[in-house]
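Thanks for coming, everyone. Please look at the structure on the screen, and I will walk you through a few places in it.

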Amino acid sequence: MFQSLLIANRGEIACRIIRTARRMGLRSIAVFSDADETAQHVQMADEAIHIGAAPARDSYLNIPGIIAAAKRAGAEAIHPGYGFLSENPAFAEACAEAGIIFVGPTASAMRAMGSKGSAKALMEKAGVPLLPGYHGAEQDATFLAREAESIGFPLVIKAVAGGGGRGMRVVRAAVDFVGALQSARQEGASAFGDDRVLIERYLERPRHIEVQVFGDSHGNAVHLFERDCSAQRRHQKVIEEAPAPGISTEMRDAMGAAAVAAAKAVQYQGAGTVEFIAQDGGFYFLEMNTRLQVEHPVTEAITGFDLVEWQLRVAAGEGLPVRQQDIRAQGHAMELRLYAEDPARDFAPSIGALQVFRLSDQGLRIDSGFVAGDRISIHYDAMVAKMIAHAPTRAEAIARLRAGLVHSDIIGVAHNLDMLDRILAHPDFAAGRIDTGFIGRNAETLLTPKLHPSAQTLALAALGVITLEEDAARNQAAGSADPHSPWHATDHWWVNTRPSRIFDLHHEDETHPVTLSPGADGWRIASGSTEITARHAKLEDGRIHALLDGMRLSASIHRAGETLSLRLAGQSWRFLLPDPITRAGEEEGGDDRLLAPLPGQVTQLLAREGQEVARGDVLVVLEAMKTVFRLTAPRAGRIETISCRVGETVREGQILIQFDAAEAETD
């Protein structure tokens with residue numbers, strides 16, 4: 001076994017690999033970009049080496065830079081994690097040329113499975129079930145249109161080098177095929193530098209089921225059962241679980257055997273995942289991921305194996321530690337992906353400081369590369385943590401996750417905690433009736449439900465403001481020259497009067513006046529027609545606790561400027577408490593300005609000053625966290641000024657383009 005390991009990655013996967021390396025007695029070496037100088041993986045590793053600027057292409061995708069770092073540190077092996085260079089055969093070859101062990105499959109196996117078309121042709125020879133389709137080299141549009149007619153509609157066009165839904169188009173009628181083909185090719189060329197496509201039958205309500213496989217350099221290969229990854233948004237996984245609910249023993253055995261056949265067809269070494277889509281009792285090969293997957297913890301939970309340790313031992317030349325007949329699955333495991341994104345805004349990624357980052361680990365496994373105070377950058381993926389439950393039954397795993405979400409909170413960036421809880425609570429999910437379209441079909445209730453704060457929620461929010469003010473006053477008094485001065489008192493006592501406090505809490509498009517009046521033993525709180533008696537209100541570890549009409553309630557609370565954040569019983573609330581002084585003289589830009597809807601990097605400017613544009617024309621292309629946003633003109637008119645440039649990183653709300661206001665007045 002080698003004794004030193006460089007991790008060519010960042011965030012939670014780097015931290016997770018370091019933990020196993022430490023347990024095995026290996027020296028761990030981290031690499032980091034300018035944006036990650038104080039990141040958790042840097043602090044956890046035995047050593048850390050700077051490899052470049054924040055953009056991934058200048059750091060985590062820089063093969064010569066990473067190889068140089070490994071040589072400098074004397075690393076005997078490199079683990080690529082997932083994402084970045086993990087499925088790049090050129091990186092595996094660069095490691096070999098440098099005399100460094102690559103913890104992963106061979107470059108030839110990566111290439112064989114890296115192209116969807118060639119992979120499907122290989123799987124066909126290996127007897128792995130495929131959907132009806134065309135996966136060949138001929139790319140003439142007329143030829144592909146004829147193939148589409150023979151396959152039948154609906155069908156899907158996929159970029160052969162695609163992933164994450166990019167370069168993929170669903171076509172329901174022959175008349176739409178040519179346009180969809182052109183669009184898929186353009187996106188494939190832009191995203192992957194390859195405009196080749198394949199076409200195959202489209203399943204309307206498939207499940208996404210994948211099988212974990214492992215091979216060694218001695219010709220052995222096994223599977224470690226399947227995972228269901230059907231809960232997806234925008235073709236990206238959100239919840240994964242093992243085993244897959246509701247499939248028969250016969251289907252499970254057949255999928256496992258097919259996955260092992262796929263691995264043996266390319267003499268696979270290390271951890272890999274064979275992905276299938278399944279519907280109506282049948283399953284069909286989708287692709288093979290030649291790396292460790294984000295969702296590997298659920299397989300670890302049901303089997304009891306450390307898959308990273310397996311990877312390291314196989315890379316060192318050892319054989320697999322068990323035979324297929326010795327692998328057993330126990331209980332049910334489920335993983336939630338926690339993202340810094342806003343589900344109500346089409347999952348727009350969010351950046352900023354994690355002012356509060358509190359994840360419950362009671363009975364749960366938490367994998368994360370962040371702690372409170374860290375910043376989420378625009379340069380990398382939006383996932384901030386994974387929450388994993390393992391229980392005797394699926395229902396118990398769901399219950400543990402929901403309990404964990406109730407006692408977790410993220411403040412400072414938008415997040416998907418509430419959406420995850422709503423998914424877990426949905427009767428179809430609870431019953432295992434899910435497919436890849438589940439979230440999309442239920443978007444109104446899962447992503448953008450219309451919520452109205454209850455009187456108890458408003459009362460707790462108002463009490464929170466009071467207790468936060470009291471806490472700030474006590475801290476100020478303690479730091480003053482006269483901490484016992486009556487001018488620091490926060491007991492709300494006035495001469496000859498019993499003052500009330502009125503808070504106008506703004507939530508979405510509603511304003512909720514809440515009146516607090518001090519009483520002999522607490523507060524009297526009025527919200528609308530409801531009156532509540534509150535006692536024993538106190539602030540403790542970022543949470544407000546109080547008795548409301550004899551019921552004890554507790555919520556996470558945080559105030560930043562005019563924004564009050566409250567998380568109560570698994571539901572997050574953001575209230576605005578406007579400051580009239582701060583807001584005095586604010587101007588409304590209306591349709592005269594194009595603003596950045598979120599922080600990101602300008603990758604394209606498709607307009608110039610003085611140009612006449614129509615409403616809906618794409619003017620600016622913004623990229624944030626691997627997602628592309630095309631910003632369109634809010635109205636027809638002439639562009640007066642452009643206040644951004646290609647390559648610039650802009651903040652949310654920043655003015656990008658100003659239109660001719662005088663022109664709008666004459667319209």
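First, a term: helices (H or I, at least four residues) and strands (E, at least two) are DSSP runs, numbered from the N terminus. Proline 243 lies in the loop between strand 12 (236-242) and helix 9 (249-265). The peptide bond from alanine 242 to this proline 243 is cis, with omega near -5°.

Now the ground rules. This is a predicted model: local features need pLDDT of at least 70, side-chain atom pairs count only at pLDDT 80 or more, and totals for chains, interfaces and linings use all residues. Residues are numbered from 1 along each chain as its sequence is written, and side-chain values use heavy atoms, with hydrogens and water left out.

Next stop, the loop between strand 11 (221-233) and strand 12. Arginine 234 sits there. Its phi is positive, about 50°, although arginine 234 is not a glycine. Histidine 235 is found in that loop too. Phi of histidine 235 is near 65°, again positive in a residue other than glycine.

Arginine 234 has 32% relative accessibility, so it counts as partly exposed. Histidine 235 is partly exposed as well, at 48%.

On to helix 7, residues 141-151. Which residues of helix 7 are buried? They are Leu144, Ala148 and Ile151. Seen down the axis of helix 7, these buried residues fall within an arc of 65°, so they line one face of the helix. That arc is taken from the directions from the helix axis to the C-beta atoms. On the other side of helix 7, Thr142, Arg146, Glu149 and Ser150 are exposed.

Look at both ends. At the start of helix 7, a side-chain oxygen of aspartate 140 comes within 3.1 Å of the backbone nitrogen of threonine 142. That is a polar contact: a pair of N or O atoms within 3.5 Å, where, within protein, one must be able to donate a hydrogen and the other to accept it, and residues adjacent in sequence count only if both atoms are side-chain atoms. Just after helix 7, glycine 152 takes a positive phi of about 95°. Then comes another cis bond, from phenylalanine 153 to proline 154, with omega near 0°. Proline 154 lies in the loop between helix 7 and strand 7 (155-163).

Back one loop. Glutamine 139 has its place between strand 6 (133-134) and helix 7. At 17% relative accessibility, glutamine 139 counts as buried. A polar atom of its side chain lies 2.8 Å from the backbone nitrogen of valine 197.

Last, the cysteines. A disulfide is a covalent bond between the sulfur atoms of two cysteines.

Definitions and conventions
Buried means under 20% relative accessible area, exposed over 50%, partly exposed in between (1.4 Å probe, protein chains only).
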